[in-house]
Amino acid sequence: KRGAIRTLARAMPSVPARRSRWRLAAPAVAAAAVAAALGLSGAFVTGNRGQRANAAAPPSQGQRARRVVGRRAEGDREADQDQAFMVDRRPKAAERLAPQVATKEADAGAIQPASWLRKPRPPTLPATLFKPKQSLSQNFLADPNYVFKMVSAIQDDSDRGSRVLELGPGTGALTKGLHPRYPNMFGVELDQRAMRVLAENVPGVQVIRSDVLLVNYTRLAEIRGGPLTVVGNLPYHITSQVLFTLADHARSVKTATVTMQKEVAERIVARPNTKKYGTLSVAFQLYADCKVLFDIPPTAFFPRPNVISSYVKFDFAAAEERRLEMDVDPRDLRNLTNRVFRYRNKYMSNSLEPLLRCHTTLIDDLPPQYASLRPQQLEPWEFVYLTQMIFGKKEFPRHLRRAWRGEFGRTVRGE
């Protein structure tokens, strides 16, 4: 029977069609029809030629659709079987949560450390009240752990904290921890919206509406009876300006413990012969004892900034004797440092040439040991020595003199 069917399939003429694949498939179709009439399987009938013909004929669009639907249905059935298998062998919810419930009950009955009891959650920003202003660099503290560490770093011995000044209290994250310890503290805030929220969160706190760059800290210290203890979460875009303002009022500021961008903090404490050593390093290492206390991640703020912050302490009182022994006008020191670090890759003999040609300077050329050096190779005290050589020795001012931010906030130019 098999031989007769193969002979019949070879002898049948090809069916005319427009495409060649139907010519190849026609003998196989005829052989399959004869096999069906004789009751035989198509696999035994077509042989190798039938297999080649079937492989050459691609499935139609309807066949492909039916195959896809069939595969999807088969996959759904397998997924249902796997899920049923997992559900049957998964522990019940009560059995699974029993150890966690027991642990929570034991923790609730245990005595918590005293430090945690003094860590109230800082006030969050009401969603319906106002939106933080990007123009003011408003990033409010929202992590109680870091708030507790920041408050613990503040030390003040004035009567009920009357000389504690907070710059930019915002909605009261730091104020809520400082006010119970220093009831007579006060703050300086510019945003009226934040002041209304602060009055609700910390009733009784004194707040002055003003710009921190325009405050006369010397006058505030006279009113409060002594140097101020400054604390605050500084806006990122005016950090250096606020610090230079405090440097101008160094005799009226005991300590300043503030937050700032980590890169700025690294520049302040940078050592010579490093890339980050610059004007900030020279100025504040001469005017104060600087120390980075710890870093603060972006997750501790709302809204989250794109940078890491640092909590830095400036001890102006510890460096008062060092400032008085400099014997220079701070405006001359600022002009010199700004000039040389503006061209930090040049030798100092070249960068200071326009300044040495001025009629107010005492020398026309730098000493040989400094002429072939770059500014990042000098220690902070060497800038004081160069200022004395170029501009002469002058008594360091014992009263307020706006030097690092200029008179009335203007910049003092080095040219």
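How many of the 9 residues of H13 are buried? The count is 9 of 9, so helix H13 is largely enclosed by the rest of the structure. Buried here means under 20% relative accessible area, with exposed set at over 50% and partly exposed in between (1.4 Å probe, protein chains only). This is a predicted model, in which local features need pLDDT of at least 70 and side-chain atom pairs count only at pLDDT 80 or more, while totals for chains, interfaces and linings use all residues. Residues are numbered from 1 along each chain as its sequence is written, and side-chain values use heavy atoms, with hydrogens and water left out. Helices (H or I, at least four residues) and strands (E, at least two) are DSSP runs, numbered from the N terminus.

Back to H13, then. Its buried residues are Thr279, Leu280, Ser281, Val282, Ala283, Phe284, Gln285, Leu286 and Tyr287. Two packed helices are described by the angle between their axes and the distance between the axes. For H13 (residues 279-287) and H19 (residues 380-391), the axes come within 9 Å and cross at roughly 90°. Axes are lines fitted to C-alpha atoms, for helices over the stretch in contact, and angles run from 0 to 180 degrees between N-to-C directions. H13 and H19 are therefore roughly perpendicular to each other; that label covers 65 to 115 degrees, with under 35 counted as roughly parallel, over 145 as roughly antiparallel and the rest as oblique. On the H13 side, Val282, Gln285 and Leu286 meet Pro380, Trp381, Phe383 and Val384 of H19, where contact means heavy atoms within 4.5 Å. Sorted by class, this contact has 6 nonpolar, 1 polar and no charged residues. In that scheme Ala, Val, Leu, Ile, Met, Phe, Trp, Tyr, Cys and Pro are nonpolar, Asp, Glu, Lys and Arg are charged, and the others, Gly among them, are polar.

Now for the sheet. It is open, with 7 strands in the order S4-S3-S2-S5-S6-S9-S7 and mixed pairing. S4 and strand S7 (289-296) stand at the edges with a single partner strand each, so one side of each has no neighbour in the sheet. From one strand to the next, the twist averages 20°. Helix H11 (residues 239-248) packs on the sheet and touches S2, strand S6 (253-261) and strand S9 (309-315), its direction making about 175° with that of S6. Two strands pair if DSSP finds at least two bridges between them.

An α-helix has 3.6 residues a turn, so residues three or four places apart point the same way.

Val212 is in the loop between S4 and helix H10 (217-224) and is buried, at 12% relative accessible area. Leaving aside residues up to four places away in sequence, Val212 touches Leu167, Val188, Tyr217, Ile238 and Val242. Of these, Ile238 is 26 residues from Val212 in sequence and 9.8 Å from it in space, C-alpha to C-alpha.

The peptide bond from Phe302 to Pro303 is cis, with omega near -10°, and Pro303 lies in the loop between strand S8 (301-302) and S9. Asn273, in the loop between helix H12 (262-268) and H13, has a positive phi, near 65°, without being a glycine; at 57% relative accessibility it counts as exposed. Asp327 also has a positive phi, near 55°. It lies in the loop between helix H14 (320-324) and helix H15 (330-342), and its 31% relative accessibility makes it partly exposed.
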